[in-house]
Amino acid sequence: MTSGQCTVPEVVLAIDIGGTTVKGSVFVDGNEVPPGSTVPTFEKSSGAFDAVLAVLSALAGTARALGHEPTAIGVGTPGLVDRRAGMVRYAANLGWTNLPLGQLLETRFGVPTLIDHDARTAARAEMAARPALRNFVFIPIGTGVSAAVVVAGKTVAGARGQAGELGHIPTVPNGRPCSCGQFGCLEAYASAGAVLARYIAGGGNAESAADVAGVVGKDGLANEVWADAVNSLATGITTLTATLDPEEIIIGGGLGAAGSVLLDPLREKVESLLRWRDPPAISASRAGPRAGLLGAALLGSAARSNSTHTGQESS
C-alpha cells in the first residue's frame, strides 16, 4: 500500500428476517459492532418489508455515527428465494409473493445487496465455524422449519432456488393444516410456533416453545406435543438421510437451543427409523441462535466483493 493511502473498511448491514422479529447488526471488517436492532416483523399498521426498512435505517444510522458509510447489505429471509434474481418468490409467513427484495434494498440504500434463504444463510456461518465439515444438512427451527443442504462445501439452491423446504414435507397423513395450504406438514408439528400453539390449545400455559421444552418430562401435555414434534422431525430427517447421505444433521434456530431435551429423543427416533443403515450424527448448531445474522454478514461481504471484483456471486 502506498504511503498516504488508506483502506476503506467493509461495512456490512446484516439482516435476519424471522416470522416473529427482524434482527440486524453492523459488521465492520467482519467484526460485529453494537448496538444491533430488533423489531417485530409485524406491527398493527405495517408489514414485514416495513420492518426490514426500519432495521436497515437504524443500522445505517449506527454505522454513520461511527464515521462509516455502509458498503453492502446481506439478508437472510424465509420463503422460496431466488438468490441470483434477488427475488423472494413466495414467503407464506411474511405475506410476500414475487418481491424483488434485493433490488428494492439496493435502490433504497445505494449499496450492493445479496439475499438468500435464511437456512442457507445460517449454513454459511456453520461452514465458517467448521470448515472441515463438507456434507451436512442445517435445520433451523423457529417460527417455521426449513433446511440448507450443503454438498462438497457448497449450498444447494435447486433449479428454482427452492431446495430445502423441509417444513413442507408431509409427515402426518391428513394431519394438521399448514400455512402453505397442505395438511400434515412437518412445520405444523415441529416448528416452535406449532409446539407453542398446540400446547396452549390443549390447555397449557406458556409464552414460548422454550417454556414447553422446560416442562417436558414433568407435564403430560408437553410430553405429547413434544413427542409429536420429535416424530415429525425424525421422519423428515430420515427422508433427507436416505436421499442425501449427509455426514451430519445440524439443528439450529430458537428450538435448537433446547439441547438434549430435543436432541436425545431425536437421535433415538432417527436411529429406530433407519434400521438398515447407520444414522448421521445429529448435533446442535455451533454458530448458535445468531447463525442467521453471522451468515447474513458473510453474504454482505460477498455482495461487496462481487461488486468490486468479479461481478459474480460466490457459492
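This is a predicted model: local features need pLDDT of at least 70, side-chain atom pairs count only at pLDDT 80 or more; totals for chains, interfaces and linings use all residues.
## Nonpolar cores

The largest nonpolar core has 34 residues. Ile139, Ile141, Val195, Leu233, Ile237, Ile251 and Leu266 touch the most other members. Several elements give two or more residues to this core, among them strand 9 (136-140), helix 5 (192-201) and strand 12 (248-252). Helix 7 supplies the largest share, 9 residues.

Ile141 has contacts beyond its neighbours within four places in sequence, including Ala190, Leu233, Ile251 and Leu262. A second, separate core holds 29 residues. Val11, Ile17, Ala48 and Ala91 are among them.

## Salt bridges

The structure holds 10 salt bridges. One joins the side chains of Arg290 and Glu32, at 2.0 Å from N to O. This pair links distant parts of the chain, 258 residues apart. Arg290 sits in the loop between strand 13 (281-284) and helix 10 (291-310), and Glu32 in strand 3 (residues 31-40). Arg290 is partly exposed, at 37% relative accessibility. Glu32 is partly exposed too, at 33%.

Arg130 and Glu248 form another salt bridge, at 2.8 Å from N to O. Arg130 lies in the loop between helix 3 (118-129) and strand 9, while Glu248 belongs to strand 12, 118 residues apart. Both residues are buried. Arg83, Asp116 and Arg120 are linked in a network of salt bridges.

## Thr113

Thr113 lies in strand 8 (residues 113-117). Its relative accessibility is 9%, so Thr113 counts as buried. The Thr113 side chain reaches the backbone oxygen of Val111 at 3.2 Å. Not counting residues up to four places away in sequence, Thr113 touches Ile73, Gly102, Leu105, Glu106 and Ala303.

Terms used. Residues are numbered from 1 along each chain as its sequence is written. Side-chain values use heavy atoms; hydrogens and water are left out. Helices (H or I, at least four residues) and strands (E, at least two) are DSSP runs, numbered from the N terminus. Buried means under 20% relative accessible area, exposed over 50%, partly exposed in between (1.4 Å probe, protein chains only). A polar contact is a pair of N or O atoms within 3.5 Å; within protein, one must be able to donate a hydrogen and the other to accept it, and residues adjacent in sequence count only if both atoms are side-chain atoms. Contact means heavy atoms within 4.5 Å. A nonpolar core is a set of buried Ala, Val, Leu, Ile, Met, Phe, Trp, Tyr and Cys residues joined through side-chain atoms within 4.5 Å. A salt bridge is a side-chain nitrogen of Lys or Arg within 4 Å of a carboxyl oxygen of Asp or Glu.
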